[in-house]
Amino acid sequence: MSQKALSDLKVIDLTTALSGPFCTMFFADYGAEVIKVEPIHGDQCRTWGPIDEASGESGFFCSINRNKKGVTLNLKSEKGREMLYDLAKDADFFCENFKGGVTKRLQIDYETIRKINPRIIYVSGSGFGQTSPIGHRPCYDTVAQAMGGLLNLTGFKDGEPVKAGPSIADHVSGIYQAVGALIALHHRERTGEGQLVDVAMMDTIFSMLENAIPNYTMDGVIPTRNGNEDASIAPFDVFACKDGYVTIGVGNDPMWARLCRVLGREDLVEDPRYLTNIDRMANYHPGLHALINDWTARYTKQEIEAIMDEANIPCGPVLNVKEAIEHPHTKAREMMVHAHHPTAGDLYFQGVVAKLSETPGRVVAPSPTLGQHNQEVFWLSEEEAARLHEEGVI
C-alpha cells in the first residue's frame, strides 16, 4: 500500500469531547502521528455511553480516537508542562479545544507554544473563538445550534425549536479545524511560517444558515421553522408511504416535468399554478403537497426509490441507523469498519469518508487505553514511568 498522505506529520492533540477529536481523527486516519494528551483522569468522553460492560470502554470515545497514540499529563504541574513543551518542539500541529482563557492559565497558549516552535500550526477550536466578548463561556453543540441560528429554523411551524439530532456543530467545526490546519500547512510550506487557526462552533453553525441570511439581508424576512420543506424550492419535502417515509427533491423545471409524468399528471406541467419554482412555492399548500403525498401513500419506500431512480429524480428512503448501516451503498463505500481493541474487543464504527486513490485513509489501530503510550512517546523506562505516575505527572 502507498504511504499515507500525512505520514510525515506530528500532531499534539489536547482536545476533548467531540469537535477537536473529530478534527484530529482526520489527521490520524491519513497517517499522521497523533499523540492524544489526556489529563491523568482521562478525557471526559471516556464516560459517555454506550459503555462496554466488560471493559468499561466508551464506544463514543473509541470511534473518534482510533489510530491515535494515548498519553497522560498533568498540565498543572511544571514537569507535565515541560514534557508537553518537549513534544511540541518538532510537532506540526498543536490542537486544543479548551474554553477561552484556559490555555493561557495553563501556559500552553499560542504565544507560549510558538516561542518553543515558530513553525507550529496551533489549531484552536472553541465555542466562541479567541476574539469574542463571550469567548470565556463553555459551549456544547446544542448551545452553538441555538446561538448560531439553526435551532430556531429546525422543527415545524407550530412546534418548539428542535436541535438537529447528531452534534453537527461539533462535527462541522472539527472539519473546519482540519481544513484550516491544512490551509495553514500549505502556507507554511511556502513561507516557513506557522500560525493560529481559530474556529468557533457558533461561527460554524452560522455559516450553515444558507438562504436564511440573504432572505433577511435582501428581503428583510426573518425565516422561521419550516418542517421538512425547503425554504426556496418546491416540491422538496418528506412524504409518507406504505412502510415509512421518503424524501423527494425537485430543483428545476425539467425535473418537475419528469415528476408530473411519474405521478400520471402531465397536465400539471403547464398548469399556471406550477409553471415555475416560484409558482410551486406559492401553491405548495394544500394542493401540491397533498397530491404528492396521496401518490406516495400507494407505494413502499423501495418501490418509490426504484421509480424515482428510473425517472432520474432525487429521492431517498428515510432510513433508521440499522437500515443505513446495512445499505449496499454503506457497504460498498466501506463506511463501516472493524478494529480490535485490547480490552473492548471487536469494534464496528464509521469508516473514512474522503476516498483518496493513491494515499487512502485507513483505520489501522483502535483508540488507546488511558496512558497506553506513555513510555513509548516520552521515552520512559518502566521505573521512570512508575516514578512520574507516583508524582502525579502522568
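Visitor: Which side chain meets R273 in a salt bridge?

Guide: In this predicted model, the partner of R273 is D271, with N and O 2.8 Å apart. R273 counts as partly exposed because its relative accessibility is 40%, whereas D271, at 13%, counts as buried.

Visitor: How many salt bridges are there by this rule?

Guide: The rule asks for a Lys or Arg side-chain nitrogen within 4 Å of an Asp or Glu carboxyl oxygen. The count comes to 18.

Visitor: Which residue forms a salt bridge with E33?

Guide: K69 does, the closest N and O atoms being 2.9 Å apart. The two residues are 36 apart in the chain, E33 in strand β2 and K69 in strand β3. Both are partly exposed, E33 at 30% relative accessible area and K69 at 24%. The pair also belongs to a salt-bridge network with E376.

Visitor: What about R280: what does its side chain meet?

Guide: R280 meets D253 in a salt bridge of 2.9 Å, N to O. R280 is in helix α11 and D253 in helix α10, so the bridge ties together parts 27 residues apart in sequence. Buried means under 20% relative accessible area, so R280, at 0%, is buried. D253, at 39%, is partly exposed.

Visitor: Which residues form a nonpolar patch on the surface?

Guide: Y140, V143 and M147 do, with about 250 Å² of accessible area together. V143 lies in helix α6, residues 141-147, and is partly exposed at 31% relative accessibility.

Visitor: How is the chain divided into domains?

Guide: Domain 1 takes in 10-208 + 331-391, and domain 2 covers 236-319. Their centres, taken over C-alpha atoms, are 42 Å apart.

Technical notes
Residues are numbered from 1 along each chain as its sequence is written. This is a predicted model: local features need pLDDT of at least 70, side-chain atom pairs count only at pLDDT 80 or more; totals for chains, interfaces and linings use all residues. Side-chain values use heavy atoms; hydrogens and water are left out. Patches are made of residues with over 30% relative accessible area and no salt bridge: like charges are joined within 9 Å, nonpolar side chains (Val, Leu, Ile, Met, Phe, Trp, Tyr) within 5 Å. Accessible areas come from the Shrake-Rupley method with a 1.4 Å probe; for residues, only the protein chains shown count as cover. Helices (H or I, at least four residues) and strands (E, at least two) are DSSP runs, numbered from the N terminus. Buried means under 20% relative accessible area, exposed over 50%, partly exposed in between (1.4 Å probe, protein chains only). Domain bounds come from an automatic or database domain assignment.
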